[in-house]
Amino acid sequence: QLQLVESGGGLVQAGGSLRLSCAASERSFSAYVMAWFRQAPGKEREFVAAIRASGSSEYYADAVKGRITIYRDNDKNTVYLQMNSLKPEATGVYYCERIMTGWYNREQSTASASGNWGQGTQVTVSS
């Protein structure tokens, strides 16, 4: 089963930037659609961004468009989330996941993920 380890979170002031990383345990990673989700305190886990297996297409939640970029390096079995101009509402735990249902040019639900959630990485944006 594909294991995913997220890293790169931290405390940042509003307007700052962070780059999150998600390292996969297997080379099969390169065949999978991957996505980032986040869970804010007291809220349900929500979709942030997804990327095709090849890296040729991305899709973003409306709330993050223009400020977040998802990309991947299949040689390194890693998917990234570059976050710029961060706002306090971006605070939460960020998780990467494999999407089981293939690529669709729309938001992904948590039900589309493999369910093998990792520990996530905490992002805290102070105002």
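Colleague: What makes Cys22 and Cys96 a disulfide?

Modeller: Their sulfur atoms are 1.8 Å apart, and a disulfide is a pair of cysteine sulfur atoms within 2.5 Å, so the pair is called one. This is a predicted model, in which local features need pLDDT of at least 70, side-chain atom pairs count only at pLDDT 80 or more, and totals for chains, interfaces and linings use all residues. Residues are numbered from 1 along each chain as its sequence is written, and side-chain values use heavy atoms, with hydrogens and water left out.

Colleague: Which parts of the chain does the pair link?

Modeller: Distant ones: Cys22 lies in strand 3 (residues 18-24) and Cys96 in strand 9 (residues 92-99), 74 residues apart. Strands are DSSP runs (E, at least two residues), numbered from the N terminus.

Colleague: Why is Phe29 called buried?

Modeller: Buried means under 20% relative accessible area (1.4 Å probe, protein chains only); Phe29 has 0%, so the word applies. Both Cys22 and Cys96 are buried as well.

Colleague: What does Phe29 touch?

Modeller: Contact means heavy atoms within 4.5 Å. Not counting residues up to four places away in sequence, Phe29 touches several residues, among them Leu2, Met34 and Thr78. Phe29 and Thr78 are 49 residues apart in sequence and 8.2 Å apart in space, C-alpha to C-alpha.

Colleague: How do you know that strand 3 and strand 8 pair?

Modeller: Two strands pair if DSSP finds at least two bridges between them; strand 3 and strand 8 (residues 78-83) have six, so they pair, in the antiparallel sense. Ala23 stands opposite Thr78 in strand 8.

Terms used:
Helices (H or I, at least four residues) and strands (E, at least two) are DSSP runs, numbered from the N terminus. Buried means under 20% relative accessible area, exposed over 50%, partly exposed in between (1.4 Å probe, protein chains only).
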